[in-house]
Amino acid sequence: MKKHAAAAVALAATMAILLAGCTGRGEPAQGASEETGDIVIRASYPLSGPLASAGLSAAGVTAYFDAVNAAGGIDGRQIDFEAVDDAFDPARQVSNNQQFVEQDDAIIVINFGGISVAARPPLNNAGVAQIVQGGETELSDTEAFPFSRAYVPDIAWEGELQGRYITETFPDANVGFVGFNNALADSQLNGLEAGGITPSTVIKLPPGQADVASQVTELQAAGVDVLVVTQGPPTIGALLSYMGEIGYHPTLFIGSPYADFASTVIPAGADNVTGALSYQWFKDPQNPAVESDEAIVQFTEDMAEYSPDGDSTQTFTLTGYGLASAIVSALSEADEITSEGFLEAWDTVSDVENPMLIEGASLNGGPGGRLVYQYPPAHVRRNELDPRRRDRQRRGRRHRRVARRRARAGHRSSCPVAH
Amino acid sequence: MRHVSRLIPRLGWIIALGIGVILPLLVSDFDLLDLSRVLTLAMAVAGLNLLVGHSGQVSVGHGAIFGLGGYAAMIPVVSFGWPWWAGVLLAAVLSLAFGILLGIPALKMGGANLGLLTIAVAVVFPLLLIRFQPLTGGTFGMFLPSPAISLPDSGFTSRQLEFWVCLLALAVVFVALRNLVHGRLGRALAAVRTSSLLAAANGIAVNRVKLIAFAVSSTVAGVAGALYALVVSIAVPDSYVFTFSIALLAASVIGGSRSWAGAIIGAAIIVYLPTLAEAFVGGQAAGNWSQFVYAAGLALCLIVAPSGIAGAVTSLLGRAFAYAPMRRAVVERSTDMRTTSTAP
């Protein structure tokens, strides 16, 4: 019986510890903008867990906001920003969001990925702007969720462009698809279908899977000769390097979210991605071609100064930096610094420059509440690294036929533009 | 004196319940959300305690059964407009049926097969949720457009009502499980845990007793999952991945798998330790270091307190207050016995 008494004491101690950290009802929000004058922005990112690579974005957002603050803020008002971890756990994201709304009095909440789709109702009910860093089509439903917006383009658009390109260039292709086991893949497959391509083999894998030998065998056995891949590290590196090892060389189409040096080229090995195709809309900080780019230089300097623990070589970090820039652009144009005022400005942004976008692209408000619509021409990175690979590929019968057709039609070096 | 020592734990629980009842009037809605999560998870961990601590079986699939309860409540509430309590009842029925269906073949096979089968369930469950998209909402899952547990004209917020509902459910579960463990079934479970052969020799239907424990444990996990989903307003496959099942099992062991108070401590660890670890390591640049602190914290608990935190505190307090007089009493009694035995 004494044991039970002690257990009750242990429980009471746990409760006391928990309750000591609680906030009382009716206490004012800690970051209340009315008191400090600051613009409160909060983010819930997967800083740990299987998608921790995406959480690198938080460091980029911090660097940009801190740089803006150091330069005097927005109309003299400082940005009060903080990012917390949700480990890609939907319940933790909901909990974080509630904290942002109730305790921090945030006017903008940044979320990441497909789990944010289910997290929309509480923020919309509270009337707080939610900006999601995600390419899922569902995030474009601004009619049902007027306070939710997505920043990056809908991956279905890219899928449609890929579909159109494959239909035109490789009309007899046996297309395979490797993606995540989530809605990003579904959105892209819908896009491919709209572009006239239904892959014969579709493989969806969870984030973080590194053993893909059986999947490669499946693709090879199915005779796939054009492979569309939108997978993240470590899967994409393992996939492409194993394909290289066994001498399986279909034409590769790499999805823009992971078509960069850090995610794909370095883990897979340059030889195994030579000749791969990709649509691009943002810069890769590790691409030597943009090393001296003014915005990239500024990004690297800001990271070193304001977010030295962050990894400035990763595209996700640059994406966060670009997202923060887009938010500041909209806030600067907003009539009033509220969630509504910010969203109104976000939707009407026009031809605004952004440090992460490739040359020729700009931010424009449009349907679905997204800001990036363009995939400017001449960014098919075909045969960039090793011209010999192109010759090897063209020895194939199908590719010779395609090459003849392209020669007759006149070579088009540019990709179609989505909007 | 004996009467007083019986009264103390009851008084402790009554005070805890009293604090729980007035808590929603004192703390913010944000804290109530996390505290409601603790209560629902504590329910699931208590169900697991019945299985692990009292019947000596292991389930690595309780996260999936928790998820089954969540979807069983969310689908009728979101898609067909059922009231929330009807969703919870459906979750109870389905998870009971699932527990029986899974338990029968697993226990027939004997050995560690229940544990192995539950691993398969935990791994397959999120994939099935994605596969049955028309019913489950696929990868995006189900979400409530507005809180399900609400009384618009009562003056109480949904978070307050949710907390009270979860508190009531937890109290009912604790009382039910306690009575179960202290009754005839509890003695049978204890016998089975100690030695299956011995239990069978004493006329206990070992497999039936194990099945009852697993089915009850599943039902409790299902109800807990239903309330959890209704509280956080979402049910998404990403919530019920394999690691969540492991976390529940870890919570049971760390809290103390033979203590009901330990279930609350274990649940509080699931909800609060990641946040504390993040605060300790230092936020966004920490990345996976916060997970490392989380893992190190868990490992430390297991090394320092192998019988769980509740067990460790019990033993510490026992040493401080009870063992010395007890030892004296034992010495005195043994002296008496020696005196008696040496007497002519």
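Trainee: Which residues does Glu138(A) touch, leaving out those up to four places away in sequence?
Mentor: Val117(A), Ala183(A) and Phe140(B). Contact here is C-beta atoms, placed from the backbone, within 7 Å. Bear in mind that this is a predicted model: local features need pLDDT of at least 70, side-chain atom pairs count only at pLDDT 80 or more, and totals for chains, interfaces and linings use all residues. Residues are numbered from 1 along each chain as its sequence is written, and chains are lettered from A and ligands numbered from 1 in the order in which they are written.

Trainee: Where is Glu138(A) found?
Mentor: In the loop between β4 and β5 of chain A. Strands are DSSP runs of E, at least two residues, and helices are runs of H or I, at least four, numbered from the N terminus.

Trainee: Is Glu138(A) buried or exposed?
Mentor: Buried, because Glu138(A) has 22 C-beta neighbours inside 10 Å. The cut-off for buried is 20 or more other C-beta atoms within 10 Å; exposed is 12 or fewer, and partly exposed lies in between.

Trainee: How many Å separate the C-alpha atoms of Glu138(A) and Tyr45(A)?
Mentor: 19 Å, with the two residues 93 apart along the chain.

Trainee: What stands opposite Tyr45(A)?
Mentor: Asp85(A), in β2(A). Strand β1 (residues 39-45) of chain A pairs with β2(A) in the parallel sense over 7 bridges. Pairing takes at least two DSSP bridges between the strands.

Trainee: What is the strand order in that open sheet of 5 strands?
Mentor: β2-β1-β3-β4-β5 in chain A, with parallel pairing. β2 (79-85) and β5 (148-150) are the edge strands, each pairing on one side only. Neighbouring strands are turned by 20 degrees on average, direction ignored.

Trainee: Which strands does helix α3 of chain A lie across?
Mentor: β1, β2, β3 (108-112) and β4 (129-133) of chain A. Helix α3 (residues 57-70) runs at about 170 degrees to β2(A). Angles go from 0 to 180 degrees between N-to-C directions, using axes fitted to C-alpha atoms, for helices over the stretch in contact. Helix α13 (residues 315-333) of chain A also packs on the sheet. It touches β1, β3 and β4, and its direction makes about 150 degrees with that of β4(A).

Trainee: Now the 4 strands of the other open sheet. What order?
Mentor: β7-β6-β8-β9 in chain A, with parallel pairing. The edges are β7 (201-205) and β9. The twist averages 15 degrees from one strand to the next.

Trainee: How many bridges join β6 to β8 in chain A?
Mentor: 5. Val175(A) has Val226(A) as its bridge partner in β8(A). β8 (residues 226-230) and β9(A) pair over 4 bridges, and Leu227(A) stands opposite Leu252(A).

Trainee: Which way do the residues of β9(A) point?
Mentor: Thr251(A) and Phe253(A) go one way, Leu252(A) and Ile254(A) the other, and all are buried. Side chains alternate between the two faces of the sheet in a regular strand.

Trainee: Over to chain B. At what angle do α3 and α10 cross?
Mentor: Roughly 55 degrees, with the axes of α3 (residues 62-80) and α10 (residues 206-232) coming within 6 Å. That makes α3(B) oblique to α10(B). Under 35 degrees is roughly parallel, over 145 roughly antiparallel, 65 to 115 roughly perpendicular, and the rest oblique.

Methods:
Two residues are in contact if their C-beta atoms, placed from the backbone, lie within 7 Å.
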